[in-house]
Amino acid sequence: MSSADEAEGAPCAPPALDADCIAHVLASGFLTTVEAWRCARVCRAWCDVLMDRSPYTPKTGEPDRVELNLSGCVGLDDARAIQLATHLRACHLPCPRGARVAVDVVLDNCVSLEAAIAQLALAHVAEEQAGDACSRPFLRGLSLRGCREVRLDTLTRVFEKEGCVNLEHLDLSGCTRVSGHLPFLLGYRTRRLETLDVTGHTRLDALGVITLLDELPRLRELSLEGTGLGDSGCAQVCAFVVARSHRSTPGPCLPLTGLSLAACCLSSHGVRALADMLSHTAEGRQEPLNGAGGGGSPAPSARGVQQASTLSLQSLSLADNLDIVGEDAVVALLRATGAQRLLKCDLSG
């Protein structure tokens with residue numbers, strides 16, 4: 001730059017990035033969401049463009065489902081999280097099928113972003129306003145894997161909202177600070193949960209697991225990996241499942257199809273308890289059909305009963321339980337009547 005230009009007051013710094021250029025880079029898909037937020041941390045123009053764009057990513061082949069993935073997003077501080085949450089509350093996503101759009105919020109490994117986690121989750125569970133029922137996305141899945149600093153009060157703020165009644169998938173693996181309160185935290189608003197991952201919750205005991213199974217009637221997949229349940233805890237849970245499957249009062253049995261007990265300090269005794277559970281829950285039970293029997297009426301005939309659904313476990317993981325020695329317990333497990341339904345059984349380690 002010449003001295004004449006400097007004398008005329010010409011700027012020495014390069015001009016700011018053009019907004020259209022930034023929008024083109026974002027639309028091209030060269031950067032992940034996390035990388036884009038890292039750029040926004042050092043460039044105000046980038047942050048402004050990012051805030052104006054829809055933060056949701058459509059699910060392939062699922063027009064009524066989107067994802068908000070901010071895993072490991074160090075560039076999203078608390079102030080920007082509040083700004084983004086405000087933007088999310090104003091987002092309207094009409095679904096081509098006329099139904100509401102479901103959103104999966106993924107905040108894995110967002111360490112030290114307590115306020116950000118709360119704001120972004122709350123943006124999808126706030127009470128509905130008039131006219132928003134068909135355009136506001138609802139929270140279907142929430143993943144906080146590896147957010148080890150998340151506290152009980154943060155999750156309480158989220159799960160106490162009415163919008164959590166639609167939550168179907170929850171991953172709290174590694175969120176060990178809430179282990180002791182987990183069963184009572186989830187049983188109130190999240191009774192539609194279908195998958196739950198509580199890997200690493202070492203303070204979750206057998207009573208807590210039984211409470212989860214009893215309070216979440218739609219639970220299909222449960223991961224208890226690394227919880228240290230042990231043989232005694234496993235036996236208690238198995239006894240509850242058997243009793244639940246053969247209870248005399250009408251009602252649905254456990255819909256559980258996937259169970260992970262990897263690294264749960266199990267020995268051959270725990271495996272035998274599982275074998276007994278699979279054998280007893282495969283026997284099934286009979287229930288009176290609607291209008292047949294009950295209320296002091298005569299016992300229903302053979303036509304007035306139906307075979308109730310029993311435990312149909314299709315996936316079981318016992319990996320990394322180093323105390324399982326010998327083959328007798330494993331053979332008994334695989335020969336159990338209910339084991340015939342297993343499509344996957346992991347005994348590695």
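## An exposed cysteine in a loop

Cys265 is exposed, with a relative accessible area of 52%. Exposed means over 50% relative accessible area, buried means under 20%, and partly exposed lies in between (1.4 Å probe, protein chains only). The place of Cys265 is the loop between E8 and H11. Its phi is positive, about 60°, although Cys265 is not a glycine. Most residues other than glycine have a negative phi.

Ala263 is found in the loop between strand E8 (258-260) and H11. Phi of Ala263 is near 55°, again a positive value in a residue other than glycine. Ala263 is partly exposed, with a relative accessible area of 30%.

## The model and its rules

This is a predicted model: local features need pLDDT of at least 70, side-chain atom pairs count only at pLDDT 80 or more, and totals for chains, interfaces and linings use all residues. Residues are numbered from 1 along each chain as its sequence is written, and side-chain values use heavy atoms, with hydrogens and water left out.

## The chain as a whole

The chain has twelve helices and twelve strands. These are DSSP runs, numbered from the N terminus: helices are H or I with at least four residues, strands are E with at least two. Buried residues make up 46% of the 349 residues.

Contact means heavy atoms within 4.5 Å. Take the contacts with a separation of 6 or more: residues 24 or more positions apart account for 80% of them. The accessible surface of the chain comes to about 17500 Å². Carbon and sulfur atoms hold 52% of that surface. Accessible areas come from the Shrake-Rupley method with a 1.4 Å probe; for residues, only the protein chains shown count as cover.

## Nonpolar cores

A nonpolar core is a set of buried Ala, Val, Leu, Ile, Met, Phe, Trp, Tyr and Cys residues joined through side-chain atoms within 4.5 Å. The largest one has 76 residues. Leu196, Leu213 and Leu261 have the most contacts inside it. Helix H11 (residues 268-281) gives the largest share of this core, six residues. Another core lies apart from it, with nine residues, among them Leu26, Ala36, Cys47 and Val49.

What is Leu196 in contact with, leaving aside its neighbours within four places in sequence? The partners are Leu170, Leu186, Leu212, Leu216, Leu219, Glu221, Leu222 and Ser223.

## Helix H11

H11 has 14 residues, and at 1.5 Å a residue it should span 20 Å. The expected span is 1.5 Å times one less than the number of residues. The end C-alpha atoms of H11 are 20 Å apart, which agrees.

The buried residues of H11 are Ser268, Gly270, Val271, Ala273, Leu274, Ala275, Met277, Leu278 and Thr281. They pack against helix H10 (230-245) and helix H12 (328-335).

## Salt bridges

Side chains of opposite charge can pair when their charged atoms come close. A salt bridge is a side-chain nitrogen of Lys or Arg within 4 Å of a carboxyl oxygen of Asp or Glu. The structure holds twelve salt bridges. One of them joins Asp104 and Arg65, with the closest N and O atoms 2.7 Å apart. This pair links distant parts of the chain: Asp104 is in strand E3 (residues 102-106), Arg65 is in strand E2 (residues 62-69), and they are 39 residues apart. Both Asp104 and Arg65 are buried. A network of salt bridges links Lys59, Glu62, Arg65, Glu67 and Asp104.

Asp197 forms a salt bridge with Arg145, the closest N and O atoms being 3.0 Å apart. Asp197 lies in strand E6 (residues 195-197) and Arg145 in the loop between strand E4 (138-143) and helix H7 (152-159), so the pair ties together parts 52 residues apart in sequence. Asp197 is buried at 14% relative accessible area, whereas Arg145 is partly exposed at 36%. Arg151 pairs with Asp153 in a salt bridge, the closest N and O atoms being 3.4 Å apart. Arg151 is partly exposed at 34%, and Asp153 is partly exposed at 43%.

## Cysteines

How many disulfides are there? A disulfide is a pair of cysteine sulfur atoms within 2.5 Å. By this rule the count is zero. Cys238 is in no disulfide; its nearest cysteine sulfur, that of Cys234, is 4.0 Å away. Cys238 is buried, with a relative accessible area of 5%. Cys345 is partly exposed, at 29% relative accessibility.
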